[in-house]
Structure formats: structure tokens, C-alpha cells
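Student: I would like to go through a structure and ask what the terms used for it rest on. Please set each value against its definition.

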Amino acid sequence: MEKIDKRTSILTAAEKLFAEQGFEGTSTRQIAKEAKANMAMINYYFGSKDGVFMEVMTNSMKEFNLQLVSINEDKISYFEKLTRVIDHYAQRIMNNIPFHRMIHHEFSLNKRPDMCNKIRESFAINMNIIEGIINEGIKEGSFRSVDVRMLIATVMGTISNVAVFPSKITSGSKLDINIPQDHKIITDRLVIHLKDLIKTYLTPQK
């Protein structure tokens, strides 16, 4: 149990430091210090900083996958399934904006293509579930026929844009995404907008 707890402590410390300092700015020595572990433990469990990063990302993907599977198995309408997906994904990103910004930065630089490709492969598994929900809704007649992948890119891209560049929607207002009450207002506004968007876009035309 102690080994499991220490492994978890390393991952928690790494995610915090990656979010604050970026991948390049974080060393395994800093991770070990933050986790109150030693370098040997990091090498034993993960092999390298890349290994720690991949584990952090893999765990995040698995957690979201469990949520998606649960939503997909619920006996609810396809529209309700999709709105729950949007709500869960938006909350995940908006509740950990610094880490998401770091991921966005890493992917834009593409300095570690092998690692980025592995993350994309894991992400694709979750996207396939979302794609399946929409396709089944189209097949059933609940949704009109649309370009499913473009729709997913629109939804995910909007969430990412608000997280990475909040000034696009806060400019000219007093809202500050770093203030908790404003953060909630912005997140709620984002989710409501996306739910309205898919309802308007996917509702079959009479």
C-alpha cells in the first residue's frame, strides 16, 4: 500500500509541476522533492520524466474513458448522453486549465512526436465513443445527418479555446477567469452555449 501511495504521490506532484512550470521546466529531481520521494523510485516506476508524463496523461484518459463508458451505457436519450459528455469534458478542462494549457503548448511545439502520437492514440479511443453516440443518434433519427468529426472538433475546440484564450470571451467585461466566481460564470456560459449549439445543429429539420 505504501508503494502504491508513493507512486500516486509522484504522479500528483508531477501533474502539479507540469502545470505550473511546463514539461521542459520540470525536472525529475523537482518531482521527487515535491512528492517526498527519491529519484530511484521515479526511475523504478516510470523510467524517465517522459514516462511520468505519459502515465499522468494515460490516467487522465482512462478516467475520462470510464465516464464516457458509463454515460454511453445509461438508458437515456442520445441528446442527453451528448450533453453529459459536453458537461463532463468541459468541467475536466476548465477545472485544470494550467495543465490543459501546458498540453496545448506541448502539442503545438511537437518536440516529442512519439510521445504526442501515443497520447493522440489514447485520446482517439475516447473520441470513438463520442463519435459512436452521435452516429447512433443519427441512425435512430434523433439527430440529423452531419459531419460527425467536424462537430466533435467544434465542441472540443471551443472548450480548449476558452481554456487557453479566455480573453476571447472576457474582453470588454469585468470577468476574470482566475477569480472563482467568474470562473464558474464562464464555465456555465460555455456549457450552456455548447448545449444550445448541438441542439440547434443536430435537431432534425422538418
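Tutor: What follows is a set of questions about terms, each answered with a value and a rule.

Tutor: This is a predicted model, in which local features need pLDDT of at least 70 and side-chain atom pairs count only at pLDDT 80 or more, while totals for chains, interfaces and linings use all residues. Residues are numbered from 1 along each chain as its sequence is written, and side-chain values use heavy atoms, with hydrogens and water left out.

Student: What makes up the secondary structure of the protein?

Tutor: The protein has 10 helices and zero strands. Helices (H or I, at least four residues) and strands (E, at least two) are DSSP runs, numbered from the N terminus. Read from that end, the elements run α-α-α-α-α-α-α-α-α-α. The C-alpha atoms fill a box of roughly 65 × 40 × 35 Å along the principal axes.

Student: How do you know where domain 1 and domain 2 lie?

Tutor: The bounds come from an automatic or database domain assignment. That assignment gives domain 1 as 1–47 and domain 2 as 50–202. Their C-alpha centres are 27 Å apart. Contact means heavy atoms within 4.5 Å, and the contact involves 12 residues from domain 1 and 15 residues from domain 2.

Student: What area is buried between domain 1 and domain 2?

Tutor: The size of an interface is often given as the accessible area lost when the parts come together. Buried area is the accessible area (1.4 Å probe) that two parts lose on being put together, summed over both. Here the value is about 1,200 Å², with 71% of it from carbon and sulfur atoms. On the domain 1 side, Glu15, Phe18 and Phe23 supply 46% of the area buried against domain 2, more than any other three residues.

Student: What makes the pair of glutamate 55 and arginine 7 a salt bridge?

Tutor: Side chains of opposite charge can pair when their charged atoms come close. The rule asks for a side-chain nitrogen of Lys or Arg within 4 Å of a carboxyl oxygen of Asp or Glu. Glutamate 55 and arginine 7 have their closest N and O atoms 3.1 Å apart, so the pair meets the rule. Between domain 1 and domain 2 the count is one salt bridge.

Student: Which elements supply the side of domain 1 that touches domain 2?

Tutor: Helix H1 (2–21) and helix H3 (39–46) are the elements that give two or more residues to that side. H1 gives the largest share, six residues. By class, this side of domain 1 has eight nonpolar, one polar and three charged residues. In that scheme Ala, Val, Leu, Ile, Met, Phe, Trp, Tyr, Cys and Pro are nonpolar, Asp, Glu, Lys and Arg are charged, and the others, Gly among them, are polar.

Student: How many salt bridges does the rule find in total?

Tutor: The count comes to seven salt bridges. In the pair already named, glutamate 55 lies in helix H4 (residues 49–73) and arginine 7 in helix H1, so the pair ties together parts that are 48 residues apart in sequence. Another pair is lysine 16 with glutamate 20, whose closest N and O atoms are 3.2 Å apart. These two residues are four apart in helix H1, and so are separated by about one helical turn. Lys16, Glu20 and Glu34 are linked in a network of salt bridges.

Student: Why does glutamate 20 count as exposed, and why is lysine 16 called partly exposed?

Tutor: Buried means under 20% relative accessible area, exposed over 50%, and partly exposed in between (1.4 Å probe, protein chains only). Glutamate 20 has 53% relative accessibility, so it counts as exposed. Lysine 16 has 37%, so it counts as partly exposed. Of the 206 residues in the protein, 39% are buried.

Student: Why does arginine 92 count as partly exposed?

Tutor: Its relative accessibility is 21%, so arginine 92 falls in the partly exposed class. Its side chain meets that of glutamate 63 in a salt bridge (3.4 Å, N to O). Arginine 92 lies in helix H5 (residues 78–94) and glutamate 63 in helix H4, so parts that are 29 residues apart in sequence are tied together.

Student: Why does asparagine 178 count as exposed?

Tutor: Asparagine 178 has 65% relative accessibility, so it counts as exposed. It is found in the loop between helix H9 (167–170) and helix H10 (180–202).
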